Amino acid sequence: MTFAAPAASPARRPAPSRRWLGWLPAGVVCAGAVVVFLWCGVSARDLAVFAAYLGAGVALPGTLLWRALTGGGRSTAEDVAAGLALGYAVEVLAYLPARAAGAPLLVLAPSAAVLCAFACVPRLRRHWRSGADGERVPAWSASAGEAARERVPAWCAWVLAAGVAYLIAWSTVNLYRLPVSAAYVDLPYHLALVGEVKHHVPPTLPSVLGERLSYHWFVYAELAATSWVTGIEPVTLVYRLATLPMTAAMVVLVAVLGRRLGGSWGAGVAAAGVAYLLLGPVLQEDVVFTTRPMFTAWASPTQTFGALLFAPVVLLLTGRRLLTGGRGCWAALVVLLLALTGAKATFLPLLLAGLLVVVAVRWAVERRVPGAWLGAAGITLACLLVAQFVVFGRGSQGTTIAPFAAMRGLWGLVTGVAAPELAAVPVTPLLVLTVVHLFCLLCVWGGVAALGRRALEPSMSLLLGMGAAGVGAAVVLGHPSDSQLYFLESVRPYLSIAAVCGVVGRRVPWGLVAAGAGVALLAAWVEVPGDAAVRAVVPYLVLGVVAAAVLVWRRGAVLAVVALLAGYAVPASARELVLRVVPEGRETEIPAGALRAGRWLREHSSPGDVVATDLHCRPVEAPGCDSRHYWVSGFTERRVLVEGWAYAESTLARAELFVSPYLQVPFADPVRLAANDAAFRTPTAENVRRLAEVYGVKWLFTGMNPELGKYARLRFRDSSFSVYRLTAR
């Protein structure tokens, strides 16, 4: 079996009566999503309004701009997916000044202007048509061999639709079917940031009054804009609707890039499959040398949003017109890069690294400076500086240079060594674990080794440069919650595309794939004598020896080793994909009545009002205070004097890796925390007045505390929560 493209044949215009069949897979998936959302409590009104705004206000203007600026892609699916990303970018860049000016609904102005222009200007009207099979498009709008539009083959459309359906099933099991009170721990944090950006630009950290928000927050601007326009509650967007269109478009764009660089839709589907479904081998339970799967769609909206905005950037850089002076493509590139400055911090550094690799390779091969690539690198560097000094305010959110940090954490898991002793672990075992980690990455992306001279092509140099930077960042950087691994996740699609391109057109030895799966199962089944560290490493050593033996036996047959390595990953991948759609029980963390109390306060207060609360710690068994408590600021959409501080820059900057876990770092301003808590624990007229006069607090949000009624006016009470208003004196 190969992924080679079939021989070209004259394209035929499909019969008009059958064109709708090309949209049948997408229609089936959309219908399934509608059923799921209705079953999980989303109202028909919210679904209809969300679909209308996303289609007419974001995707349609973005698609028209994409076609006008870049000439469009080979297929309607490509145009719509890339257009959705461009539409999101325009929406965010429009919302920021609109919200800052106090008129958030002005976010609609760019979309309305685009639709009017493309409806009224004669030379723009042609972009409403997607083109039919065989219709020629300008040569500059496609890469080599891509001069004609085409329909996505039916089998390919159904496979991609099945992939999106799997992601819907996974999200349903792990999020959509769950009540808000039992969802993933970080979702209240995302909700709080949506509320903050809905009412304030520039934003601050809503759970700590006055704390700078040194975080990538543009996705929350997108959600805030959607909430303003549609009237949909932010909680519905965060916990249900918002990330699914981004995820679906990303699947399409990975396949499109794979088709462009691999030469066939088979390569495109394979690239999407490797990116989403192939994971590194796991040979001992609970010991995972992670290859960072792309299953953070709703757990990390910033990653999902940034990944979608980044994919069209790579699409532009692997096309022809951008590199031959197409002004429209450069305009689209700048818009997307500007949106990326605040979308996710990982992507611009990776892109800059990839562009510099292309420049170096082109200089070595051609002995000249490639001006277009240097221009793209310069724009990327400028946007990176804007991100670091304007959006993030020089903050790092705890990211620091700490070689082998991820493996140090894994060593603690394997051996039972805890902080602070973990900080003193010698380098040698960490190097061993790092080598094993790289071996696991090779099992997923071993096809890169088969690229040969194709690695010198600009497109491949770009993907490989970004991939090397992502792997390097995961090894060299450290973060209190292992967020450096997002660099690895960010390059996963592009390493997957490069790996597939390495085996395109070759006959894959599927027997060796099956043999590799069998060897991996055997290595995982056999018990290895020795301590935990030995048992974790030796099975991988066995797999490496087998791969080396095959390489010698087949006299340097790289493809045979690639097939064997991929086979090693099959058992763990199959097991993981099944387990991800198996329901798990989750404990309720947010008390009953919290949403109702929070919304009451939101409806009876102003966006500039400050709330004080004595709720700081999650109700979980953990040493100290797990201060990832954000639902008060999330449900009220108001700034809180002190709620949770785990993700504050002032907290993460003081967390010493493997010495003081960030969840045990106390609040940075103990005087403020003491004044806050004193008003609830020992309410007196002086304690309550201090909150109002010194910190500007107007509302108190707490549980049952009758003593507060002596010094503040009770405005709301149910069986769990009370809300008090501080009166001016």
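Tutor: What follows takes a few charged pairs in turn and sets their values against the definitions. This is a predicted model, in which local features need pLDDT of at least 70, side-chain atom pairs count only at pLDDT 80 or more, and totals for chains, interfaces and linings use all residues. Residues are numbered from 1 along each chain as its sequence is written, and side-chain values use heavy atoms, with hydrogens and water left out.

Student: Why is the contact between arginine 639 and glutamate 196 called a salt bridge?

Tutor: The term requires a side-chain nitrogen of Lys or Arg within 4 Å of a carboxyl oxygen of Asp or Glu; the closest N and O atoms of arginine 639 and glutamate 196 are 2.7 Å apart, so the pair qualifies.

Student: What makes arginine 599 partly exposed?

Tutor: Its relative accessibility is 26%, which falls between buried (under 20% relative accessible area) and exposed (over 50%), with a 1.4 Å probe and protein chains only, so arginine 599 counts as partly exposed. Glutamate 233, with which arginine 599 forms a salt bridge (3.7 Å, N to O), is also partly exposed, at 23%.

Student: Which residues are linked with these two in a network of salt bridges?

Tutor: Glu233 and Arg599 are linked with Arg602, Glu603 and Glu637.
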